[in-house]
Amino acid sequence: MVTGASRGLGAAVSAALARDGLNVALNYRRDSAAATSLRERVTAAGGRAELFRADITDEDDVGRLCDSVRETFGAIDVLVLNATGPQPDIPVEELRWADVLAQLEFFVKSPLLLVRKVVPGMKERGYGRIVHIGSDVVHLGPPKSSAYVAAKSAQLGLAHSWAREFGPHGITVNFVAPGWIPTDRHHGIPASLMEEYARDVPLGRLGSPSDIGEAVAFLASDRAAFITGQTLTVNGGTTLS
């Protein structure tokens, strides 16, 4: 199951998982046209994907979502926590607690609601893959983004703690941290800003959504069976560790 799957990084992740033979539950909230188009592309390529509309910040919706996915596919072995919301630039002097809570809704509350519903089945089967889509802002700390950075940092903390808690049950938990990957949500950003950003990337270019899709597909596979509690940063070397 991929949350926020209809567009951008979620769509690329879903396509990569389907290509690797997984049945993919495409969660979306609003854009049914984009979700339907993605399902058609996956099906045309020989994969299987089904649509599941839900607000993953709402506890009742999450319960219905997980029940529906299990009714359709039988089990949820892979959970990709990708859904996100607006990320406005707000100077600290103007930042309200409500702005911080809005970020925590997507990056702390939503993962908690979903994992609580999915992990019991994973424990029963002794197998599971949980992949958080984080961000390299945790290390970069860009200005005017403190609410977003705080929430993404908290999400990383969840991944670390859950990796230790779920490891004995055969469940891995990892954190993919993209750099700035242009998607449809970035339409309207001047090309000059993208070029300026790319100049500071050691590989000399911007990444693409497929770069994130491949990283998640690896961590969701048996090739990554002995990897848990780790951050895989996909940003062309902008941050080094």
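Let's start at glycine 134. Glycine 134 sits in the loop between strand E4 (128-133) and H5. Keep in mind that this is a predicted model.

Is glycine 134 buried or exposed? Glycine 134 is buried, because its relative accessible area is 6%, and buried means under 20%. What does glycine 134 touch, once neighbours within four places in sequence are set aside? The contacts are Lys152, Gln155, Phe175, Val176, Ala177 and Pro178. Look also at phenylalanine 107. Glycine 134 and phenylalanine 107 are 27 residues apart in sequence. In space, their C-alpha atoms are 8.5 Å apart.

Now step back to the whole chain. The protein has eight helices and six strands. From the N terminus, the order reads α-β-α-β-α-β-α-β-α-α-β-α-α-β.

How does the radius of gyration compare with that of a compact globule? With 241 residues, a compact globule would come out near 18 Å. The protein has 17 Å, so the two agree. Taken along the principal axes, the C-alpha atoms fill a box of roughly 45 × 40 × 35 Å.

Next, burial and surface. Of the 241 residues, 46% count as buried. The protein exposes about 11,900 Å². Carbon and sulfur atoms supply 52% of that area. Then the contacts. Take those between residues at least 6 apart in sequence. Among them, 73% join residues at least 24 apart.

On to empty space. Rolling a probe the size of a water molecule over the atoms shows where such space is left. How many cavities of 30 Å³ or more are there? The count comes to one. The largest cavity has a volume of about 40 Å³.

Which residues line the largest cavity? They are Thr3, Leu81, Asn82, Ala83, Phe106, Phe107, Ser110, Pro111, Ile133, Lys152 and Gln155. Lys152 and Gln155 are among the contacts of glycine 134. Phe107 is the residue with its C-alpha 8.5 Å from that of glycine 134.

Helix H4 (97-125) and helix H6 (146-166) each supply at least two residues. H4 gives the most, with four. By class, the lining of the largest cavity has six nonpolar, four polar and one charged residues.

Now the second largest pocket. Its volume is about 200 Å³. Strand E1 (24-28) and helix H3 (59-73) are the elements that give two or more residues to its lining. The lining is made of Met1, Leu17, Leu22, Asn23, Val24, Ala25, Val69, Phe73, Ala75, Ile76, Asp77 and Val78. That divides into ten nonpolar, one polar and one charged.

Back to single residues. Aspartate 99 is in helix H4. Aspartate 99 counts as buried, because its relative accessible area is 15%, under the 20% cut-off. Not counting residues up to four places away in sequence, aspartate 99 touches Ile90, Glu94 and Ala147.

Then lysine 144. Lysine 144 lies in the loop between helix H5 (137-140) and H6. What is its phi? Phi of lysine 144 is near 65 degrees, a positive value in a residue other than glycine. Most residues other than glycine have a negative phi.

Now phenylalanine 218, in helix H8 (residues 209-219). Phenylalanine 218 is partly exposed, with a relative accessible area of 28%. Beyond four places in sequence, phenylalanine 218 is in contact with Arg223, Ala224 and Ile227. Leucine 140 is 78 residues away along the chain, and the two C-alpha atoms are separated by 25 Å.

Last stop, valine 234. Valine 234 is in strand E6 (residues 231-234). At 17% relative accessibility, valine 234 counts as buried. Which residues does valine 234 contact, leaving aside neighbours within four places? They are Val176, Ala177, Pro178, Gly179, Ile181, Asp211, Ile212 and Ala215. Val176, Ala177 and Pro178 are also among the contacts of glycine 134. Serine 161 is another matter. Valine 234 and serine 161 are 73 residues apart in sequence, and 22 Å apart in space, C-alpha to C-alpha.

That brings us back to glycine 134, in its loop between strand E4 and H5. Thanks, everyone.

Technical notes. Residues numbered from 1 in each chain as written. Predicted model: local features only at pLDDT ≥ 70, side-chain atom pairs only at ≥ 80, totals over all residues. Heavy atoms only, no water. 1 Å grid on protein atoms, 1.4 Å probe; cavity = no way out; pocket = protein on both sides within 12 Å on 5 of 7 lines; lining within 4 Å. Points joined across faces, edges and corners; volume = space filled by probe spheres on them. Nonpolar A, V, L, I, M, F, W, Y, C, P; charged D, E, K, R; others polar. Buried < 20%, exposed > 50% of the residue type's maximum accessible area, 1.4 Å probe, protein only. Contact = heavy atoms within 4.5 Å. Rg over C-alpha atoms; globule rule 2.2 N^0.38 Å. Areas by Shrake-Rupley, 256 points an atom, 1.4 Å probe, with all protein chains shown as cover.
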